[in-house]
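This report describes the fold of one protein chain for a reader who is new to structural work.

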Amino acid sequence: MESHRRSSTKSVQSLKPTKRIPLEDDSTKASDALPLPLYVTNAVFFTLFFSVVYFLLARWREKIRTSTPLHVVTFSEIVAIFALVASFIYLLGFFGIDFVQSLILRPSTDVWNSEDDGEVSEVLLRKEDARKVPCGQALDCSLQPLPPSSPIVTAQKVFDENLVTVTTKEDEEIINSVVDGITPSYSLESKLGDCKRATAIRREALQRLTGKSLSGLPLNGFDYESILGQCCEMPVGYVQIPVGIAGPLLLNGREYSVPMATTEGCLVASTNRGCKAIHLCGGATSVLLRDGMTRAPIVRFGTAKRAADLKLYLEDPENFETLAVVFNRSSRFARLQGVKCAIAGKNLYLRFSCSTGDAMGMNMVSKGVQNVLDFLQTDFPDMDVIGISGNFCSDKKPAAVNWIEGRGKSVVCEAIIKGDVVRKVLKTSVESLVELNMLKNLTGSAMAGALGGFNAHASNIVTAIYIATGQDPAQNVESSHCITMMEAVNDGKDLHVSVTMPSIEVIDCVAV
């Protein structure tokens, strides 16, 4: 981080000399017509414009009906005409001129990036704060005065009297436009054509709106083009999370290195110690019990009887082949495994389960479900589809249906840890671990009314691996459902350990 910041400082010093741009040089905007907030001013002139237009049209229609000359006007009509002209000038100045100029005079991206002698190269926004602070404190920092050698500095004071750095006068205008609500923040990438510049401008606008510094949040060193339209909208920076490696983990005769992204101390170390104990005892064995993603739409009928009719139809084995053909049209990988229904009065919840190949399959199963719903409309035209997901799936929420029926990949894994390894590596005894597991992971969790939480801290390891491998960390909720069992074996000398996890939702990926 520090080396990156030093290199950023060097690049700043290599730029052309900067200059001061006072905000007082900005041209007067049409929105300055009234000393009111921008949205109030716009509302006033919009209302005035359409009101006088309606009034004049009504008056002129009355004159035509009564054969009165149009050039004969009353005092109220004169006032209305003046109001029409004034509101038209305001709206033209606010929306028309600026819009036309933005289309005609806005330079292209090549011009913005040119190095002509007549232009002054500037630095995007604020230099990153070079203070050394722990990662947990990096986002909680107050605004700091900038050194004299900083790039363009405006004379305007913001919130706590600190100076604000910008790049060019054009960037300053865009920032002000975002702050004033004229330019939507989400449209910066499409308007500027430069994702990093858009991020920097959005970042500066956010700092001005909140009065809080984002200097502890990194900006440089990230490819913002790669996330455009993919995974994160309106970025203002990125978060650095350290990634550690635990292992090797000997599983089913193969060694795996386990990547873990976390800020929790000792998590990787304790996981690595467990991997060592397993490796010294010949490894662990795992079995995939079930692999099927689920989606459960909710439909409604006029009567509970009609809802029951559909339930019986879907759960009839004779109809499965027909439903499978319709469902499988959505993908060459999706294969319907079964449908289970739950009825609540006139409402019916249809839990579809299907295999999805190497994909996690949320979108895949949703498309297949939509195909089936369209097909069912023929025989059940009174069926009202309330939602493609009725939370009976259940996704990203603790649910007994996932704990019992499974969702995603259902696995069981076991290992036998020798007694001497328990003493030397884990620094305890077989008897102590068996007793602790019974009283804590099983009895303690039962006393707490836990749902799938009969373990020590499965969610810690699952979340760290999910973040490191690009999985959806929110699905840690059901993916961490786990029951840990321990039993003394071989006349009490060794320890048999097993974990059963019925709902791991993950995209298949290559191990490190």
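## Overview of the chain

The chain contains 16 helices and 11 strands. The model is predicted. Of its 512 residues, 38% count as buried. The accessible surface of the chain is about 28,500 Å², and carbon and sulfur atoms account for 60% of that surface. Among contacts in the chain with a separation of 6 or more, 68% are between residues 24 or more positions apart.

## Two pairs of packed helices

Two packed helices are described by the angle between their axes and the distance between the axes. The table gives these values for two pairs.

| Helix pair | Angle between axes | Distance between axes |
|---|---|---|
| Helix 5 (residues 169-179) and helix 7 (residues 195-210) | roughly 55 degrees | within 9 Å |
| Helix 10 (residues 320-328) and helix 11 (residues 362-376) | about 125 degrees | 7 Å |

The axes of helix 5 and helix 7 cross at roughly 55 degrees. That angle makes helix 5 oblique to helix 7, and the crossing of the two is right-handed. On the side of helix 5, the residues in contact are Glu170, Asp171, Glu172, Ile174, Ile175, Asn176, Val178 and Val179. Their partners in helix 7 are Arg197, Ile201, Glu204, Ala205, Arg208 and Leu209. By class, this contact has seven nonpolar, one polar and six charged residues.

Helix 10 and helix 11 pack at an angle of about 125 degrees. The crossing of helix 10 and helix 11 is right-handed. Helix 10 contributes Thr322, Leu323, Val326 and Phe327 to the contact, and these residues meet Val365, Gly368, Val369, Asn371, Val372, Phe375 and Leu376 in helix 11. Sorted by class, the contact of helix 10 with helix 11 has eight nonpolar, three polar and no charged residues.

## A residue in strand 10

Is threonine 484 buried or exposed? This residue lies in strand 10 (residues 482-489). Threonine 484 has a relative accessible area of 10%, and a residue counts as buried under 20%; threonine 484 is therefore buried. Leaving aside residues up to four places away in sequence, threonine 484 touches Asn437, Asn441, Leu442, Phe454, Asn455, Ser498 and Val499.

Notes
Residues numbered from 1 in each chain as written. Predicted model: local features only at pLDDT ≥ 70, side-chain atom pairs only at ≥ 80, totals over all residues. Heavy atoms only, no water. Axes fitted to C-alpha atoms, helices over the stretch in contact; angles between N-to-C directions. Helix = DSSP H or I, 4+ residues; strand = E, 2+ residues; numbered from the N terminus. Parallel < 35°, antiparallel > 145°, perpendicular 65-115°, else oblique. Left-handed = near helix turned anticlockwise from the far one by under 90°. Contact = heavy atoms within 4.5 Å. Nonpolar A, V, L, I, M, F, W, Y, C, P; charged D, E, K, R; others polar. Buried < 20%, exposed > 50% of the residue type's maximum accessible area, 1.4 Å probe, protein only. Areas by Shrake-Rupley, 256 points an atom, 1.4 Å probe, with all protein chains shown as cover.
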